[in-house]
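Look at the model below before you read on. This report starts with the core, then turns to a helix, a strand, a pocket and a few loop residues.

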Amino acid sequence: MCSASNRGVVYMGPGHVEVQSIAFPELALGKRKCSHGVILKVVSTNICGSDQHMVRGRTTAPEGLVLGHEITGEIIECGSDVEFLKVGDLVSVPFNIACGRCRNCKEGQTGICLQVNPARPGAAYGYVDMGGWVGGQSEYVMVPYADFNLLKFPDRDQAMEKMRDLTLLSDIFPTGFHGAATAGVGPGSTVYIAGAGPVGLAAAVSAQLLGAACVIVGDMNSARLEQAHSFGCETIDLRQDATVPELIEQVLGVPEVDAGVDCVGFEARCHGCNHHQEQPATVLNTMMDVTRAGGGVGIPGLYVTGDPGAVDDAAKMGQLGVRIGLGWAKSHYFYTGQCPVMKYHRQLMQAILWDKVKIADAVNVQVISLDDAPKGYADFDEGAAKKYVIDPHGSVAA
């Protein structure tokens, strides 16, 4: 074991995160031993758009929460019940914490495990209402149910060479892929992706991987639209005073697509001349406008049950003005909820290792130190067209 010191990124209130000394992790769940867990030396841990919702004060996250649910690390200690992993293994950690034993886990629905969060189905590291688990934007972290949850990289040296890509397996790449796959994207599809943040860019490259003929990405940030264009996407600037169907028709010749993916979520804003105004249901309603009858809408964008900063009392409770009648009339299907990372991460790892996808280039990964994490949060919130990867120990090639 190394010395029992640890540092992590801590939420201190709206707009404020700090790097602080935190407790060194133990193989324990409260007062009982966690024999099925491991302790990781964190190799890389990413800043997620979902983290930003908390840091902006748009959730009920408590001050003092250690952030971070996108984790890759090296095992430095194993519990006595861990059978298939060993000290020294380099592993990807799904952001979903899953027991592997409950009904949902056995059905592959690891995003809504029934045993790891006393308040609701589903848990995650370092996230509000997700079970109180300590986050991994830190030097060291404890991971439970290790044999079930962790994805071991087959070759350590190869993995370290590709860590800028492989670090995205913990959340963003599977989440983007999940959005595209559940929307029904396949060979020859036309796809509209709302949002050119990291998840939107991951969904776009995933749609290409799935064989889409044309991927259109909409956003209001020029730098993010340029990033989407850099790997072959068509782009539309939603600040233009035109409807989204009209903008799509300028690209495709028709105002509809086969599949839509909402990578924005509940902090959505209006389109056109009113683009500075928040309107939380606008992306969902737009998706019903632009998706063909019988098509699908994947919704990896986050929607919360409590938003203290919402524009109205209904939205503060997660009640949005969704035009469900249009979706019903067009026989749409909608797929919501957290991505079950384990459903995809092994296959996406293979795609990375065999150079079938350059996900780090697509989302513009920028490696920063743990001490630079607060600046990374600030830059992300200002709309930087980057995916920030925190390297706590200086081991990832920039």
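The largest nonpolar core in this predicted model has 71 residues. Leu 67, Leu 166, Leu 169, Phe 173 and Ile 193 have the most contacts inside this core. Helix α7, residues 198-209, gives the most to the core, with six residues. A second core is separate and has 31 residues, including Ile 71, Cys 99, Val 143 and Leu 150.

Neighbours within four places in sequence are left aside here. Leu 166 is then in contact with Thr 72, Phe 153, Ala 159, Met 349, Ile 352 and Leu 353.

Helix α13 covers residues 345-353, and its buried residues are His 345, Leu 348, Met 349, Ala 351, Ile 352 and Leu 353. An α-helix has 3.6 residues a turn, so residues three or four places apart point the same way. Just after α13 comes Asp 355, with a positive phi of about 60°.

**A covered strand**

How many residues of strand β17 are buried? Five of its five residues are, so the strand, residues 387-391, is mostly covered. In a regular strand the side chains alternate between the two faces of the sheet. In β17, Lys 387, Val 389 and Asp 391 point one way, while Tyr 388 and Ile 390 point the other way. Each of these residues is buried.

Strand β17 has pairing partners. With β5, residues 38-46, the sense is antiparallel, over two bridges. Here Asn 46 stands opposite Val 389. With β16, residues 365-369, the sense is parallel, over five bridges. Here Ile 368 stands opposite Ile 390.

Strands β3 (28-29) and β8 each supply at least two lining residues. The largest share, three residues, comes from β8.

**Loop residues**

Gln 115 sits in the loop between α2 (103-106) and β8 (140-143). Is Gln 115 buried or exposed? Its relative accessibility is 56%, so Gln 115 counts as exposed. With neighbours within four places in sequence left aside, Gln 115 is in contact with Cys 99 and Cys 102. Arg 101 is 14 residues away from Gln 115 in sequence, and their C-alpha atoms are 8.5 Å apart.

Now turn to phi. Most residues other than glycine have a negative phi. Asp 129 is not a glycine, yet its phi is positive, at about 65°. Asn 364 also has a positive phi, near 60°.

| Residue | Phi | Loop | Relative accessible area |
|---|---|---|---|
| Asp 129 | about 65° | between α2 and β8 | 40% |

Why does Asp 129 count as partly exposed? Its relative accessible area is 40%, and partly exposed lies between under 20% for buried and over 50% for exposed.

Methods. Residues are numbered from 1 along each chain as its sequence is written. This is a predicted model: local features need pLDDT of at least 70, side-chain atom pairs count only at pLDDT 80 or more; totals for chains, interfaces and linings use all residues. Side-chain values use heavy atoms; hydrogens and water are left out. A nonpolar core is a set of buried Ala, Val, Leu, Ile, Met, Phe, Trp, Tyr and Cys residues joined through side-chain atoms within 4.5 Å. Buried means under 20% relative accessible area, exposed over 50%, partly exposed in between (1.4 Å probe, protein chains only). Helices (H or I, at least four residues) and strands (E, at least two) are DSSP runs, numbered from the N terminus. Contact means heavy atoms within 4.5 Å. Two strands pair if DSSP finds at least two bridges between them.
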